[in-house]
Amino acid sequence: MKALNHLKSSFIRAGALLTISASLSTAPVYAAKPFAVEETSVAEIEAAFKAKTLTCHQLVANHLARIEAYDRQGPSLRALLTINSNALAKADQLDAAYAKSGPVGPLHCIPLILKDNYNTADMPTTDGSASMAYNQPAKDAFVVSNLRAAGALILAKANMHEFAVSGTTVSSLGGQTLNPYDLTRTPGGSSGGTAAAIAASFGVVGTGSDTVNSIRSPASATALVGFRPTRGLLSRDGIIPVSETQDAIGPITRTVADAALMLAVMKGVDPNDPATEASAGKSPKDYLSSLDANGLKGARIGVIKTMFGTEKIHDEVNAVMSKSIETMKTAGATIIEINDPRLDANLIGKDNDVQKYEFAALIKNYLASVPNTQVHSVQDILASGKYHAASTGKFLKSAADIQDGLHDPDYLLRLQRNIATRKVVEKVLEDHHLDALIYPLQKRLVVPVDELNQADRNGILASVTGMPVITVPAGFSTPSDNAPLGVPIGMDILGKAWSEPTLLKLAYAFEQVSKIRKPPASTPPLD
């Protein structure tokens with residue numbers, strides 16, 4: 001990688017020119033073989049710091065170089081909205097702290113990409129919308145504070161599907177994010193900016209939010225690990241909301257181990273999110289100890305057959321899932337087919353989804369907490385005209401048209417259906433003595449950028465039940481001119497409430513035996 005004694009890069013973000021410049025003169029310089037940031041892990045970075053073959057400044061500068069080369073040039077992924085202009089200065093502070101007393105925490109100087117619906121006191125939080133382009137929260141989100149305390153360095157905030165209400169990651173502020181594995185396709189969504197950035201090694205770990213599919217859809221589409229935990233494990237305080245019932249947040253990473261580490265740092269009971277009270281005493285301090293390369297041996301895994309497609313367009317995904325199931329069998333798992341018509345994602349989406357009833361009240365309450373916002377309601381956003389009408393207009397208008405959504409009879413009926421669906425899943429797990437259920441997160445490949453909706457997604461099962469689920473890379477479609485490695489395909493592994501250690505064990509074992517992940521060809525190592 002090209003040595004960076006001086007980095008001076010310009011990025012267009014929300015119509016403003018942001019210039020980052022810094023010198024390496026204040027940071028320790030180690031003469032050693034250059035550290036390859038592509039595909040690196042938290043553990044590898046920690047080892048390099050300990051061996052004094054890498055400084056925080058070097059690590060951050062090299063990630064910024066990749067952003068400069070590939071985000072608005074070359075493949076022009078458009079994954080990011082804002083770069084932290086203090087990133088290199090913060091890196092120098094972390095180097096000084098390390099020299100004095102060692103790492104400040106388990107994520108010391110780990111370059112972090114935040115989805116831009118996570119409040120940050122030192123950077124705008126926009127929800128991807130031009131109507132909120134300069135919104136500056138007064139304080140960090142609860143989990144952002146936890147991540148900073150653990151030593152993570154916030155490198156950038158990522159583009160997202162505007163307001164997190166759909167799955168193709170296009171916004172009025174950031175435009176269309178591209179999938180680094182196939183530049184003609186979306187990266188899924190709504191957390192597609194984070195996923196594209198982590199897949200392309202713009203950062204080491206990232207965060208997303210998930211109201212229906214939005215952590216796992218982009219993880220699936222970019223060969224990453226995405227974790228939507230049990231409702232209440234992670235605080236949503238300071239996360240721009242969509243649905244109190246369905247919203248969750250979680251990590252997006254390249255490895256299961258990094259997801260486990262992120263989960264442990266992010267969790268905690270928070271009085272500003274009452275749902276987290278349920279997590280007290282129900283989670284281990286350390287999730288890394290759950291990882292077991294032989295974790296599939298003796299496991300009982302249910303395959304939800306109603307979540308597989310039956311048309312030709314579904315063949316690529318079905319073939320990858322069949323191979324993944326055989327891999328699990330070879331690793332010692334027992335596979336049980338589950339044919340329950342009640343576990344049909346299309347029907348659950350039609351009958352259970354409540355986000356449009358809750359959004360207007362939640363966004364109004366959130367905007368009231370932002371001192372400098374220019375919009376205060378869904379009606380204000382619509383009146384501003386500063387939103388991506390083609391992909392978000394229909395949802396915004398439907399939310400605005402609902403009067404007193406929280407007391408709407410259909411809304412209350414849907415909440416009852418959610419309880420019933422959860423009981424169905426719990427009974428299936430119990431009756432068949434299952435450790436987890438698996439299914440493809442998407443029945444078909446992620447869609448081309450000229451389609452506004454990612455059809456055939458299965459993620460809603462976890463979102464309406466509040467049960468934990470981890471998405472792992474399952475394979476790739478047949479390679480093509482547009483996708484030289486193929487298009488990534490992900491698999492969901494879902495379990496009972498508070499079964500995160502079990503899910504991590506199963507996911508890690510599958511990761512180790514399958515070794516699916518490959519970096520995208522569109523963002524190769526820099527010279």
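User: At what angle do helix 8 and helix 15 pack?

Analyst: Keep in mind that this is a predicted model, where local features need pLDDT of at least 70, side-chain atom pairs count only at pLDDT 80 or more, and totals for chains, interfaces and linings use all residues. Residues are numbered from 1 along each chain as its sequence is written, and side-chain values use heavy atoms, with hydrogens and water left out. Helix 8 spans residues 315-330 and helix 15 spans residues 500-514, with axes 10 Å apart. Helices (H or I, at least four residues) and strands (E, at least two) are DSSP runs numbered from the N terminus, while axes are lines fitted to C-alpha atoms, for helices over the stretch in contact, with angles from 0 to 180 degrees between N-to-C directions. The packing angle is about 100°.

User: Is that pair roughly parallel or roughly perpendicular?

Analyst: Under 35 degrees counts as roughly parallel, over 145 as roughly antiparallel, 65 to 115 as roughly perpendicular and the rest as oblique. Helix 8 and helix 15 are therefore roughly perpendicular.

User: Which residues of helix 15 make the contact?

Analyst: Contact means heavy atoms within 4.5 Å. Helix 8 brings Ser-324, Thr-327 and Met-328. On the helix 15 side, they're Phe-510, Val-513 and Ser-514.

User: Which strands are the edges of the open sheet of 11 strands?

Analyst: The order is 3-5-4-8-10-9-14-15-13-11-12, with mixed pairing; strands pair if DSSP finds at least two bridges between them. Each edge strand pairs on one side only: strand 3 (80-83) and strand 12 (334-338).
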